[in-house]
Amino acid sequence: MCRFISAVVIFCLLFHNPIKGKCNDYVILNNIEQKSIPVDKYVYYLEDKNANITIDSLLTNPQKYKFNRAQKKGLNYGFYDCVIWLKITIDNQSTLNKDFIFTIDYALLNDIRFYETINGILLRKTITGENYIFDSRNIKDRAFTFHLNNFPLQKKTYYVRIYNDGETLRIPMEINSPVFDKELQDSSIMGLAIYYGYLLFSLLLNLLLIFSFKKRQYLYFGGFVLTFGLFIFIGDGYAFQYLWPNMPWLANHSIIIITAIINFFMLAFARDFLNFTGTLKRISNVLFAVFTVFFLLSFTNYPFYRYIVIFANTITAIMIVFIFCISIHYFRKKKSAYHLVFSLAFFFVMTGTFTHIFKNIGIIPINFITQYAIKFGFILQIVVLTFALIMKFKIDLTDINITLEREVSERTAEISAQRDELSRHNLKIEQQSKEITDSIIYAKRIQSAILPEKNKFSVYFKEHFIYFKPKNIVSGDFYWFAEKNGKIYIAVADCTG
């Protein structure tokens, strides 16, 4: 019996965690240094479907409201227009100040209200979210972060009220010490820097292709990369932090506005790359019209705006599936390698997008894969599409060279034919020239025969001279001499005049 009791005591000493407090619904802190607090064990939530619970009612009558344990690091409600309350209670039983950072790593939340209480008394209140300017945040961070200040020998309860205007409502949470939170942020910033750096490199490369070859497909692809990159930038919260910190309305609507533009560029690129014809071209024209209406409706406000958000997810899914199926069809028809690579690229982005959409509507939970699925899918698509563009460029270049060689051959044959024809004309002209010259020479002989002989002039004129010099072979003038009945007749005639 003593051995059994000793074994139980040893087991408890080895596996007992004095920080977590096994039987409590709140965190117990002692003098042991703690990096983080398990969210799934110590964060509780309450659904306020009528939005009538206030912080005063929670403080005056806490027994009336039953909070449920989160049991996960994140809550996901899909398209939800009710209020969610979170509760975190921390009992600092140590003689040291124990501070933590509570983070909600989802930037697209409209209204968040943070309350710090002790013994039913409100100590601190913070109101922030996309409905307020960025400077409303106590901690200037892309995510929503709040200080949990736990002074020695104090038990505090923190409440967080979260509301979205019918948009997707998900709450990924972490509670870390300031030092550990900074370490996590530094590693996250490094990864994001590499991610956005590659996107910037892709944009610059595509810009070079646009100016070099002036083809529409490079322009559409560049627009797609730029807008999708901005979509990720907005989703990460950096757009609100750095681009429009004083424009809450744009922060609220930008994700849907940019989604409409993404769909336009993606379809335009696919249509130009795959060379849609006939029915496919007509279908794409209808989709362009839908995207235009979708873009205009994205400027509406709640409550109609929530349906636009649902529509945005639906039409994006339909469009990606449409392009993927068409690319498979073209591959089966033409057996071209770049069609296969194009299909693979859209398979990646389709997988990431559907994971993102299913997460948005609350079908799948929040975890590392679902959190970053659309980022991985997009970056893989960019890499693979770059190869597809290069492959198609090589094929197009080969076709251009073949076309140029054929045109050169045709032009050479045409020039040869023209040269032969010119030679024939030259020979004909030479022949005609010879005939004309012979005729003129013969005419000269006739002309010389009819002119008077010079010795006859000597009989009648002792001193005389004759100046007769034709400009060409045959003269247009002639002279004549005769004697009759003792009279001399001389004539000078101008035939041409």
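Mentor: The following questions and answers treat a predicted model, beginning with the whole chain and ending with single residues.

Trainee: What is the mean pLDDT of the protein?
Mentor: A pLDDT of 70 or more is reached by 94% of the residues. Residues 1-23 stay under 50, and the model has 17 contacts beyond four places in sequence for them. For the protein, the mean pLDDT is 85.

Trainee: Is the protein a compact globule or more spread out?
Mentor: The protein contains twelve helices and 13 strands. Its radius of gyration is 47 Å, whereas the globule rule gives 23 Å for 497 residues. The C-alpha trace spans about 180 × 50 × 45 Å along the principal axes. Because the radius of gyration is well over the value from the rule, the protein is, compared with a compact globule, more spread out.

Trainee: What share of the residues counts as buried?
Mentor: The accessible surface of the protein comes to about 28200 Å², and carbon and sulfur atoms hold 62% of that surface. A residue counts as buried when its relative accessible area is under 20%. Of the 497 residues, the share that counts as buried is 43%.

Trainee: How far apart are the end C-alpha atoms of helix H8?
Mentor: Helix H8 covers residues 278-297, which makes 20 residues. At 1.5 Å a residue, H8 should span 28 Å.

Trainee: On the same side of H8 or on opposite sides: where do its buried residues lie?
Mentor: The buried residues of H8 are Leu 280, Ser 284, Leu 287, Phe 288, Phe 291 and Phe 294. Around the axis they cover an arc of only 125°, so they lie on the same side of H8.

Trainee: Which exposed residues does the face of H8 turned away from its buried side carry?
Mentor: The buried residues of H8 have cover that includes helix H7 and helix H9. Exposed means over 50% relative accessible area. On the face turned away from the buried side, the exposed residues are Arg 282, Val 286 and Leu 296.

Trainee: How far apart in space are Tyr 106 and Met 173?
Mentor: Tyr 106 is found in the loop between strand S6 and strand S7, and it is buried, with a relative accessible area of 5%. Its contacts beyond four places in sequence are Phe 144, Thr 168, Arg 170 and Pro 172. Tyr 106 and Met 173 are 67 residues apart in sequence, but their C-alpha to C-alpha distance is 8.8 Å.

Trainee: Is Leu 153 buried or exposed?
Mentor: Leu 153 is found in the loop between strand S9 and strand S10. Its phi is near 60°, a positive value in a residue other than glycine. Because its relative accessible area is 62%, Leu 153 is exposed.

Notes
Residues are numbered from 1 along each chain as its sequence is written. This is a predicted model: local features need pLDDT of at least 70, side-chain atom pairs count only at pLDDT 80 or more; totals for chains, interfaces and linings use all residues. Side-chain values use heavy atoms; hydrogens and water are left out. Helices (H or I, at least four residues) and strands (E, at least two) are DSSP runs, numbered from the N terminus. The expected span of a helix is 1.5 Å times one less than its number of residues. Buried means under 20% relative accessible area, exposed over 50%, partly exposed in between (1.4 Å probe, protein chains only). The arc is that of the directions from the helix axis to the C-beta atoms. Contact means heavy atoms within 4.5 Å. pLDDT is the predictor's confidence in each residue, from 0 to 100. The radius of gyration is taken over C-alpha atoms; the globule rule is 2.2 Å times the number of residues to the power 0.38. Accessible areas come from the Shrake-Rupley method with a 1.4 Å probe; for residues, only the protein chains shown count as cover.
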